[in-house]
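Reader: Could you take me through this structure before I set up any calculations? I would like to begin with the overall picture and then go into the details.

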Amino acid sequence: MDLLKQEAYRELLKNLIGAFPDWGRLEGKGILISGASGMIGSLLVDALMLRNEISAPARRCRIFATGRSMKTAGHRFSRWMGKKEFCFFPHEITQPLDDFAEKPEFLIHAASTTHPAQYAGEPVNTILANVLGTREMLETAAGIPGSRFLLLSSVEVYGENRGDVDCFEENYCGYLDCNTLRAGYPEAKRVSEALCQAYIREKGVSAAAIRLPRCYGPTMRMSDTKAIAQFIKKGLAREDIVLKSMGNQLYSYAFAADAVLGLLYVLADGACGEAYNLADSGSDITLKDLANLVADISGRKVVFDLPSETERAGYSTATRAVMCGEKLKALGWRPQYDIRSGIKLTMGMLQNEF
C-alpha cells in the first residue's frame with residue numbers, strides 16, 4: 001500500500017508540517033535517520049520530504065535514511081527514491097557508519113526492535129540494536145562539530161510503577177528485574193540514555209532523548225505484535241477483538257504523527273542532556289477500554305483468550321505506565337489527536353490492506 005496516494009495521509013502530513021513552528025532550525029540541514037523504514041522513522045521521512053516539495057531548494061532538508069532492508073525501503077520510499085534531497089543506504093546499525101562526504105547536522109536514532117514477538121524471538125538484537133546502535137550514532141555525532149543527536153527512548157525505562165505516583169515524570173525510576181528475558185528492551189533503553197550522558201561529558205556531543213509511549217498509526221506494520229496493533233488488525237479484518245488479559249493495565253499511547261511532531265520539537269529546541277516524555281491524558285487508556293474502542297469502531301465485540309508462552313515472554317509486566325508530558329508541552333508541543341480520533345484515522349487509512 002502506498003500511503004502517499006491517500007489524501008487522508010497527505011493531509012495528516014500537511015497538518016504535522018503546519019503544527020511545527022521552528023522549521024528554520026532544520027532548513028538547509030542534513031538529517032541522518034536510523035530505522036527510517038519503521039513506524040516513526042518512515043512517517044518522519046514522509047513529512048520532511050513533503051515539506052521539501054513545497055520549499056525553495058535552499059530551504060530543503062537533505063535526508064540520509066538507513067535501515068536493514070533495501071527492498072523494504074525501495075517499496076516504502078518509492079516516491080522519494082531518486083530525489084536529490086533523499087538518500088537511503090542499507091546498514092546494520094550495530095556496525096560503524098561510513099564517513100559521510102556531506103556531514104549531517106542532525107542525527108536521529110530510531111532503529112529498534114519494537115514489539116513483543118521481537119523481544120522474545122530476537123532478544124540479543126533487541127539489546128544490541130539499541131545499545132550498539134546508539135553508540136555508533138553517537139560516535140558519528142562526535143565526529144561532526146556542532147551536530148545534534150536525538151535518541152528515541154521509551155516509557156519502558158521507568159520499569160514498574162512502585163505505587164507511589166499516578167504518572168511518571170522524567171526523574172522517576174521504578175523497579176525493573178534485569179534477570180529476565182523481557183528486561184532486554186527497557187534495560188537497553190536505559191543504557192542508551194546513559195551513553196548519551198557519557199558522550200555529552202566525554203566527547204562534547206549535544207544530545208537529548210524523547211521517551212515515547214506505546215505508539216500506533218497508519219505506518220505501523222501488520223506484523224507488529226503489540227496489543228494495539230493486534231486490536232486494529234482484528235478490527236480491520238472484521239473479526240472480534242481478542243484481549244489476552246483482564247485488560248486493567250493503564251498505559252499512555254500516542255498517534256505516530258504526534259510522536260513525530262514531538263521529536264521535531266526536542267530535536268530543534270530540547271536542552272542538551274535532557275529527556276522528555278511524550279504524553280497527553282487524552283490518550284491514556286486501559287487495554288480493556290482500548291479493545292472496546294476498536295470493537296466499537298469496527299462493529300465487533302471483545303473476546304478473551306489466554307496468551308501462549310512465547311507471547312507472554314514478550315509482554316510488558318507493567319500494569320500502570322502513564323507519563324506526565326508537561327516538560328515537552330513547555331517546549332510548545334501539543335498533540336493533534338486523542339486516542340479515539342487517532343484510532344479512527346489509522347483504521348481508515350489501513351482498511352485498504354484488508
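The conversation below goes from the whole chain to its sheet, its cores and its cysteines.

Author: Please note at the outset that this is a predicted model.

Reader: Understood. How many helices and strands does the chain have?

Author: There are 12 helices and 13 strands in the chain. Its radius of gyration is 19 Å, close to the 20 Å that the globule rule gives for 354 residues, so the chain is as compact as a globular protein of that length.

Reader: What box do the C-alpha atoms fill?

Author: Along the principal axes, the C-alpha atoms fill a box of roughly 55 × 45 × 35 Å.

Reader: And what percentage of the residues count as buried?

Author: Of the 354 residues, 55% count as buried. As for contacts between residues at least 6 apart in sequence, 82% of them join residues at least 24 apart.

Reader: Let us turn to the sheet. What is the order of the strands in the open sheet of 7 strands?

Author: The order is β3-β2-β1-β4-β5-β6-β10, and the pairing is parallel. At the edges are β3 (86–90) and β10 (275–277), each of which pairs on one side only. On average, neighbouring strands of this sheet are turned by 20° against each other, direction ignored.

Reader: How many bridges are there between β6 and β10?

Author: Strand β6 (residues 206–212) pairs with β10 over 3 bridges, in the parallel sense. Alanine 209 has alanine 275 in β10 as its bridge partner.

Reader: Which strands does helix α2 touch?

Author: Helix α2 (residues 39–53) packs on the sheet and touches β1 (30–34), β2 (62–67), β3, β4 (106–109), β5 (148–154) and β6. The direction of helix α2 makes about 160° with that of β1.

Reader: What about helix α5, where does that one lie?

Author: Helix α5 (residues 123–142) lies across β1, β4, β5 and β6, and runs at about 175° to β4.

Reader: Back to β1. Is that strand mostly covered or mostly open?

Author: Strand β1 is mostly covered, with 5 of its 5 residues buried. Gly30, Leu32 and Ser34 point one way from the strand, while Ile31 and Ile33 point the other way. β1 runs parallel to β2, and 5 bridges join the two strands. In β2, isoleucine 63 is the bridge partner of isoleucine 31.

Reader: Which residues does isoleucine 63 touch, not counting those up to four places away in sequence?

Author: Isoleucine 63 touches Ile31, Ile33, Val45, Leu48, Met49, Glu85, Phe86 and Cys87. In the largest nonpolar core, which has 90 residues, Ile40, Ile63 and Ile343 touch the most other members. Helix α8 (residues 256–269) gives this core its largest share, 11 residues.

Reader: Which residues does the second, separate core include?

Author: That second core has 22 residues, among them Leu138, Phe149, Leu151 and Leu195.

Reader: One last topic. How many disulfides does a search of the whole structure find?

Author: The search finds 0 disulfides. For cysteine 87, the nearest cysteine sulfur belongs to cysteine 61 and is 15 Å away. For cysteine 173, the nearest is that of cysteine 178, 12 Å away.

Reader: Why does cysteine 87 count as partly exposed?

Author: Cysteine 87 counts as partly exposed because its relative accessibility is 34%, which lies between the 20% limit for buried and the 50% limit for exposed. Cysteine 173 is also partly exposed, with a relative accessible area of 44%.

Key:
Residues numbered from 1 in each chain as written. Predicted model: local features only at pLDDT ≥ 70, side-chain atom pairs only at ≥ 80, totals over all residues. Heavy atoms only, no water. Disulfide = S-S within 2.5 Å. Buried < 20%, exposed > 50% of the residue type's maximum accessible area, 1.4 Å probe, protein only. Core = buried A, V, L, I, M, F, W, Y, C linked by side-chain atoms within 4.5 Å. Helix = DSSP H or I, 4+ residues; strand = E, 2+ residues; numbered from the N terminus. Contact = heavy atoms within 4.5 Å. Pairing = 2+ DSSP bridges. Axes fitted to C-alpha atoms, helices over the stretch in contact; angles between N-to-C directions. Rg over C-alpha atoms; globule rule 2.2 N^0.38 Å.
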